[in-house]
Amino acid sequence: MSFNTFGHMFRVTTFGESHGPALGCVVDGCPPHIPLKPADIQQHLDRRRPGQSRFTTQRREPDAVKILSGVFQDPATGEDVTTGTPIMLLIENVDQRSKDYAEIKDIYRPGHAGLTYDFKYGFHDYRGGGRASARETAARVAAGAVARKVVPGLMVRGALVQMGPHKVDREKWDWAEIDRNPFFCPDAERAAFFADYLDEIRKRGSSIGAVIEIIAEGVPSGLGAPVYGKLDGDLAAGLMGINAVKGVEIGEGFAVAALTGEENADEIRMGNDGRPRFLSNHAGGILGGISTGQLVIARFAVKPTSSILTPRRTVDRFGNETEVVTKGRHDPCVGIRAVPIGEAMVACVIADHYLRQRGQVGGPAVWPFPK
């Protein structure tokens, strides 16, 4: 299979399958002299790790990361820093149950990629979906942890803002609440509702979709390039590349269709610091594919988990019509653990564009410009 690498200056290649011995990634293009130790990566992997509540798959994976290359002890400080060479990160799989899939290995699961993998390659790894499994995203989260350290002052945070048709109340948004509930939800009241709502769906053996919002602060102005290197275009590609994602929007996204030109325009005044400031951020921090220095805001929609206990009509690889029930351990709402994955992809894209900008013009754009 080709196309397992994304990025230009900050490049990430992921490898491994859901039920293979291990998965991981190689990060190439990271600048040297950046402090990096396993704990820097582990904290983000722990947020994505399965089996932490009854609302996620009960597969027990520690997701312990190992740094196999690309770091060395700085003689001046004694701490491990990046060397500028490829960083290889390895995460072992320790709780595979491939026997869960033995009965359906020749049956195509509706909503899964087995059929299209067969169309393309002539066979597929039926054990948990192989490369098409959400398990592959652990490697992206590891890469994202490195990316966050590349851009000075960058902070990337995400939240689940919708589950099924139910949205959070933005007037009750509290970033601290995200760490207090298993849904990465910024609204305490809605998080309590989600617990009962998802319990009912889980007990039915069904699943539900979600919408995740990612907000990046400290993004320098000037990142991105016209016309085919747009920051928002690469963000959309990165987020759409996450397994189970079916839609991406930047800023107001599809809601701009209901706005007038007056409502949508982000008016500009001069700030007390002598720099332009925007009076709103409908554009999501990006104009013409180039960052404005505002918050970069993106949302993506995650479909319901396709592995459910309700019988679904399908065919097998021999052309016989049949039904399939997927047993085993699955997320009733895979969107929950997509929050740290979305953060990681946004961090990787911004780090890549930061290094592109530095390579082309020597650094972020500054204000004021010469008169």
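In which sense do strand β1 and β2 pair, and over how many bridges? Strand β1 (residues 5-6) and β2 run antiparallel and share 2 bridges; strands count as paired here if DSSP finds at least two bridges between them. The strand and helix names are DSSP runs, numbered from the N terminus, with helices being H or I of at least four residues and strands E of at least two. Before going further, keep in mind that this is a predicted model, where local features need pLDDT of at least 70, side-chain atom pairs count only at pLDDT 80 or more, and totals for chains, interfaces and linings use all residues. Residues are numbered from 1 along each chain as its sequence is written, and side-chain values use heavy atoms, with hydrogens and water left out.

Back to that hairpin. T5 has T13 in β2 as its bridge partner, and 4 residues sit between the two strands, with G7 taking a positive phi near 100°. Buried means under 20% relative accessible area, exposed over 50%, and partly exposed in between, using a 1.4 Å probe and protein chains only. In a regular strand, the side chains alternate between the two faces of the sheet.

From β2 the chain goes on to strand β3 (residues 22-28), and these two pair in the antiparallel sense over 6 bridges. They make a hairpin with 5 residues between them, and G16 finds its bridge partner in L23 of β3.

Now for the helices. Two packed helices are described by the angle between their axes and the distance between the axes. Take helix α1 (residues 38-48) and helix α3 (residues 137-148): their axes come within 9 Å and cross at roughly 140°. The axes are lines fitted to C-alpha atoms, for helices over the stretch in contact, with angles running from 0 to 180 degrees between N-to-C directions. α1 and α3 are therefore oblique to each other, given that angles under 35 degrees count as roughly parallel, over 145 as roughly antiparallel, 65 to 115 as roughly perpendicular and the rest as oblique. On the α1 side, D40, I41, H44, L45 and R48 meet α3 residues T137, A138, V141, A142, A145, V146 and R148, a contact being heavy atoms within 4.5 Å. D40, I41, Q42, H44, L45 and R48 of α1 are buried, and the buried residues of this helix pack against β4 (65-67), β7 (87-92), α3 and α7.

Helix α3 has another partner in helix α7 (residues 338-361), where the axes come within 8 Å and cross at roughly 45°. That makes α3 oblique to α7. Among the residues that meet here are V141, G144 and A147 from α3, along with A344, A347 and A351 from α7.

Moving on, look for the open sheet of 5 strands, ordered β9-β8-β10-β16-β11 with antiparallel pairing. β9 and β11 (245-250) stand at the edges with a single partner strand each, so one side of each is left without a neighbour in the sheet. Within this sheet, strand β10 (residues 210-217) and strand β16 (residues 296-302) pair over 7 bridges, and E213 has R299 in β16 as its bridge partner.

The loop between β9 (166-167) and α4 (188-203) holds F184, and N181 lies in the loop between β9 and α4 as well. Is F184 buried or exposed? F184 is buried, with a relative accessible area of 9%, and N181 is buried too, at 12%. Leaving aside residues up to four places away in sequence, F184 touches R47, A159, L160, I178, I336, V339 and P340. The N181 side chain reaches the backbone oxygen of E177 at 2.9 Å and the backbone nitrogen of F184 at 3.2 Å.

Strand β17 (residues 312-315) and strand β18 (residues 321-324) pair in the antiparallel sense over 4 bridges, and R313 has E323 in β18 as its bridge partner. There are 5 residues between β17 and β18, and G319 in the turn has a positive phi of about 90°.

Note on methods: A polar contact is a pair of N or O atoms within 3.5 Å; within protein, one must be able to donate a hydrogen and the other to accept it, and residues adjacent in sequence count only if both atoms are side-chain atoms.
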